[in-house]
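Subject: Handover of a structure and notes on it

Dear colleague,

Please find the structure below, followed by an account of what was found in it. I would be grateful if you would read the notes with the structure open beside them.

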Amino acid sequence: MAVFSSLLKRLALVFVLSLGLVGAVMPAFAQSIVVQGNSHVDAGVIRQYFSGTSPAQVNAAIKSLYATGEFSNVAVSRTHGHLVVRVSENVAINHVAFEGNSKLKEATLRPVVESKSGGAYDPAVAKADVQRLVETYDHAGRRAATVSYRTVPLPDHRVDVVFSINEGDKTGVRDIEFVGNHAFSSGKLRGLMKTTEMNFLSWLKSSDVYDPNQIANDEEAIRRFYLKNGYVDFRITGSDARYDAAKKGYYITITLEEGPQYTVSSVNVVSNIQNVDGATLAPVVTIGAGSVYNGDAVQKSSENLTHALGARGFAFSQVHPQGDRDPAAHTIAVHFNIDNGPRVYVERILIEGNTRTRDYVIRREIDLAEGDAFNQVLIDQAKRRLNNLGFFKSVSITTAQGSAPDKVIVDVHVEDKPTGSFSVSGGYSTTDGFLASVSVTESNFLGRGQFVRASASRGQYSQSYELNFVEPYFLGQRISAGVDVFRKQSDISQYSQYQTTVTGGTVTFGLPITDELTFSPRYSLYTTNISVPNTANNPYNDCTVPVAGITPAAPTYFNNCLTNGEASLAVKQAVGTRLTSLVGYSLAYNTLDDRKSPTDGIYATFGQDFAGVGGQSHFLRSSTDFHYYHPIYDDFVGVVHLQAGNITGIGGKQLRLFDLYNMGPTLVRGFAPGGIGPRDISPGIDTKSSALGGTTYFGGSLETQFPIFGLPREIGLKGAVFVDAGTLFNYSGQTNFTPGGGACVAQDTAPLYTQGTCLTVHDSHRIRSSIGASIIWASPLGPIRFDFARALTKDKYDVTQAFQFSGGTSF
């Protein structure tokens, strides 16, 4: 098509000019013009460009010939009364090809070169393209790559341009060293960088590629980290990247000066605006006297003050944080100065670079609109919000002068990145056995910023299907709305003698009260089906319905319907399908520094569910969960985990077995699933699989997480030691199953040797505790955790499990 277009252009040129010749008489002087060097453009066409032979007319003709794009050179000379015009015609590029490339695909290389199919071939441009390709490979971590080009002549004055590439070996970052750091180890600082060192995982990753821009970003992350931890005088004094050709890698040395750590001596909000009392704004400040100086908290406080002033109608106010250092005492007095800023308005907001994400998804993260008062604090906030979306490789926001001195144009430039993933994974869980799962996730569905996920898993003892959808801006407001549809089936296992199938859906809303506090109301509707298998292999109900050939016709003490296994009466009473309709809410408080791998902050939730809005379940369930992370030293992180819950029947309704809490390693590690709490210990019942559940639980855990020294951090392995304690108690379900509520019939007695009509329940408030160690792996297949625990205190009928292995789910 490009070649056809080029030929058509030439024919059109000849045709148009030929029409002019037909309608006009060739000037006499034109007969004295000699044309040389032309092969495709007719000499008569070239002569027609000359309206005369004066210097001015000749110069105009030369410019016009160049403007046609058909000639690379036009020279005019005079010889023996003749005007000699020598031309060099451009060669057209038929096709631009790449050979030898495998690491970088053609889709990446083609936009880099300026030689284009259908365009004019220029050796100078082709040579420059070679250099551009070399630089592209250099940025991709292949400095040893070499590039050359050649042309393949074709008929009709055309050529193919072929770029030959030898990609060479990967030239990544061999070593990153820090000089001058004392407060934090080099390992800790390397952990803050996205750039990593080359190791045996280099064939799987690209983060070890040397990129000067990424190194600059990493240095900024280190600077912010030091400011967050009180090192106000911190600065990077040098950054050197040395390439070792023999080892084919870069050696990076970052020299820094930490300075002392500062604490905050005082915090003041000083208002220079009439009718604004700084003291009334102090509650929104998140940094306080006596604390270690925190640059992030100062920035957050500036944003809070800006929003508070805007709510009061002071749109042009500006907040300027100021710190007065006392180097001798290592303290800093923080002042937030509030002034009237210049009356500058936002004239336009330009969104550029987004090829997939829709404009409104970007605009809604900016708390400014055309016509609003310009505020730099809100611009900085918008940039952080856009980066936190995870939709873009890069985000930049710049401003330019508008149509008037009091107007600015805000230019938001982003670069989209892939946001979808397809995951196939496998693993093992001590609860579900061996399992496999597949999921498809898109966090920016159709460029609308919506989250969609479909997943399915199949294990030895379970299978599940789930579909999730989240709209982060419901009805154009900063309110999230989500819909979950699910189905999970659990089969019999060593811990249960029944099968469950739960099918339903949940609608959830998220209403942010502050940046840290979120209120989430929800509604759930689901059915729970309970069945007890009664087959030759699993005769767990043959005391009620005998199984031919399995249930003894003449039972004895040693051979009866109980000796081959029998489900508890509480389980049998729950058999069938129950519809649950509930409304609930949760309050979540989140100050974590990193949601995937937190090292500092709090994540706490409190929730309640009320079942009884229709359906057959009637209860009020309340629960709370608290996590506190705090760095102990360097990469050592302390974790405090507290949890508690209670469920109560309402409307005079008795709780059924599967309304109750069933606890195990999620409360105290070292215990089996369902291994803690009230149990059916009736004669003949296997107490290992007879957990009944309880109405109340509480527990706590202390854990220290630490890196496994000698292993690259990209592997994602870390260790932990922990102490757990907790309990589950108060079985409030039915215990007498005698028809009509009569007296209990004894169980496992002659002459019938069959199941009785009442439960014997063991229910203890005893605190269970354990101690242990863990290996935590942020694997490509999802988070996997290996827990080794020993129970320190337990109850008589508890079921322990020293090893707990979970994970391998989709990420």
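Three strands, in the order β8-β10-β9, form an open sheet with mixed pairing. Here, strands (E, at least two residues) and helices (H or I, at least four residues) are DSSP runs, numbered from the N terminus, and two strands pair if DSSP finds at least two bridges between them. The edge strands are β8 (173–179) and β9 (235–244), each of which pairs on one side only. From one strand to the next, the twist averages 15 degrees. Axes are lines fitted to C-alpha atoms, for helices over the stretch in contact, and angles run from 0 to 180 degrees between N-to-C directions.

Please note that this is a predicted model, in which local features need pLDDT of at least 70 and side-chain atom pairs count only at pLDDT 80 or more, while totals for chains, interfaces and linings use all residues. Residues are numbered from 1 along each chain as its sequence is written, and side-chain values use heavy atoms, with hydrogens and water left out.

Within this sheet, β8 runs parallel to β10 (residues 249–257), and six bridges join them. Isoleucine 176 stands opposite isoleucine 252 in β10.

Another open sheet of three strands has the order β14-β16-β15, again with mixed pairing. Its edges are β14 (345–352) and β15 (392–401); each has a single partner strand, so one side of each is left without a neighbour in the sheet. The twist in this sheet averages 15 degrees from one strand to the next. Strands β15 and β16 (residues 407–416) run antiparallel and are joined by nine bridges. Threonine 398 stands opposite aspartate 411 in β16. Helix α11 (residues 376–389) packs on the sheet and touches β15 and β16, and its direction makes about 160 degrees with that of β15; contact means heavy atoms within 4.5 Å.

**A nonpolar patch and the strands behind it**

Phe445, Leu446, Leu467, Phe469, Val483, Val485 and Val507 make a nonpolar surface patch of about 530 Å². The elements giving two or more residues to the patch are β20 (462–471) and β21 (480–490). Patches are made of residues with over 30% relative accessible area and no salt bridge, where like charges are joined within 9 Å and nonpolar side chains (Val, Leu, Ile, Met, Phe, Trp, Tyr) within 5 Å. A salt bridge is a side-chain nitrogen of Lys or Arg within 4 Å of a carboxyl oxygen of Asp or Glu. Accessible areas come from the Shrake-Rupley method with a 1.4 Å probe, and for residues only the protein chains shown count as cover.

Strands β20 and β21 pair in the antiparallel sense over ten bridges. Phenylalanine 469 has valine 483 in β21 as its bridge partner. Strand β21 is also joined to β22 (residues 499–512) by eleven bridges, and these two run antiparallel. There, the bridge partner of aspartate 484 is threonine 506 in β22.

**Two residues with positive phi**

Leucine 446 lies in the loop between β18 (433–445) and β19 (450–459). Its phi is positive, about 55 degrees, although it is not a glycine. Leucine 446 counts as partly exposed because its relative accessibility is 47%; buried means under 20% relative accessible area, exposed over 50%, and partly exposed in between.

Asparagine 275, in the loop between β11 (263–271) and α8 (278–281), is not a glycine either, yet has a positive phi of about 70 degrees. With 73% relative accessibility, asparagine 275 counts as exposed.

Yours sincerely

Key. Buried < 20%, exposed > 50% of the residue type's maximum accessible area, 1.4 Å probe, protein only.
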